[in-house]
Amino acid sequence: METARTLVLVAATVTCGLTAGLFYGYSCSVMPALARVDDRTFIEVMQRVNKAILNGWFALGFVGALLATAAAVALHLPSDGHDALPATVAALVLYVAVIGVTRSVNIPLNDELEAAGPVQRITDPAAVRSRFEARWVRFNVLRALLSTGALACLAWALVLNGRS
């Protein structure tokens, strides 16, 4: 049982780290770079990114973090004196918040941007961008913070798991 707990915690930590890194990378490089381009370029790039990210590698990290963290919680419920459960539960709560923000804010904004149509046909690209950019960036920073918090909790859970 100890090996399973450890392996699942490692999987949760790695997948959560991948997701935290993705959101962090967007926050400190991709979105600041796109802030410097014209409206049509911004819209076109974001529309392309929103399609490209829907792939198995992204799902592995994004969904994998949720599943592995939930499994880690389940494996630590019969705690047997293990101290890792509270940190693992905290990670799961934080990561569920990431999913919630993504589903309630970022995905609807992505869908709205896609619904604007091909960038060359948009009559007012500045208006389309203004409805999207600031809110998407703000909530992506929130996702970066939440997923980094979850990652820190999982790293601590690994430390605590190793002590048991």
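**Entry 1: Thr-148**

I looked up Thr-148 and found it in helix H5. I take helices as DSSP runs of H or I with at least four residues, and strands as E runs of at least two, numbered from the N terminus. Is Thr-148 buried or exposed, or does it fall in between? At 39% relative accessibility, Thr-148 counts as partly exposed. The classes I use are buried for under 20% relative accessible area, exposed for over 50%, and partly exposed in between, with a 1.4 Å probe and protein chains only. I also read the C-alpha separation of Thr-148 and Trp-136, which are twelve residues apart along the chain, as 18 Å.

I note that this is a predicted model, in which local features need pLDDT of at least 70 and side-chain atom pairs count only at pLDDT 80 or more, while totals for chains, interfaces and linings use all residues. Residues are numbered from 1 along each chain as its sequence is written, and side-chain values use heavy atoms, with hydrogens and water left out.

**Entry 2: the chain as a whole**

I find five helices and zero strands in the protein chain, in the order α-α-α-α-α from the N terminus on. The C-alpha trace spans about 65 × 25 × 20 Å along its principal axes. Of the 164 residues, 40% are buried. I then looked at contacts (heavy atoms within 4.5 Å). Among those between residues at least 6 apart in sequence, 83% join residues at least 24 apart.

**Entry 3: Leu-154 and the cores**

Leu-154 also lies in helix H5. With a relative accessible area of 0%, Leu-154 is buried.

Which residues have the most contacts inside the largest nonpolar core? I list Cys-16, Phe-62, Tyr-95, Val-98 and Leu-154, in a core of 23 residues. By nonpolar core I mean a set of buried Ala, Val, Leu, Ile, Met, Phe, Trp, Tyr and Cys residues joined through side-chain atoms within 4.5 Å. At least two residues of this core come from each of helix H1 (2-34), helix H3 (56-76), helix H4 (85-115) and helix H5 (125-163). H5 gives the largest share, seven residues.

I set aside the neighbours of Leu-154 within four places in sequence and found Leu-154 in contact with Leu-9, Ala-12, Thr-13, Cys-16, Thr-69 and Ala-91. Apart from this core lies another, of 14 residues, including Met-46, Val-105, Val-119 and Phe-132.

**Entry 4: H1 against H4**

I examined the axes of H1 and H4, which come within 12 Å and cross at roughly 35°. Axes here are lines fitted to C-alpha atoms, for helices over the stretch in contact, with angles from 0 to 180 degrees between N-to-C directions. The crossing of H1 and H4 is left-handed, meaning that the near helix is turned anticlockwise from the far one by less than a right angle.

Which residues make the contact? H1 contributes Leu-9, Cys-16, Thr-19 and Phe-23, and H4 contributes Thr-88, Tyr-95, Val-98 and Thr-102.

**Entry 5: aromatic pairs**

My search of the whole structure gave six aromatic pairs. Rings of Phe, Tyr and Trp (its six-membered ring) pair if their centres lie within 6.5 Å; planes under 30 degrees apart are stacked, over 60 edge-to-face, and the rest tilted.

Phe-42 and Phe-132 have ring centres 6.0 Å apart and planes at 65°, so the pair is edge-to-face. This pair links distant parts of the chain, with Phe-42 in helix H2 (residues 39-52) and Phe-132 in helix H5, 90 residues apart. Both Phe-42 and Phe-132 are buried.

Why is the pair of Phe-58 and Phe-62 stacked? Their ring centres are 5.1 Å apart and their planes lie at 15°, so the pair is stacked. Both lie in helix H3, four residues apart, about one turn of the helix. Phe-58 counts as partly exposed at 22% relative accessibility, whereas Phe-62 is buried with a relative accessible area of 11%. I record one aromatic cluster formed by Phe-23, Phe-58, Phe-62 and Tyr-95.

**Entry 6: Cys-28**

I located Cys-28 in helix H1. Cys-28 counts as partly exposed, at 45% relative accessibility. The C-alpha atoms of Cys-28 and Val-141 are separated by 9.1 Å, although the two are 113 residues apart along the chain.
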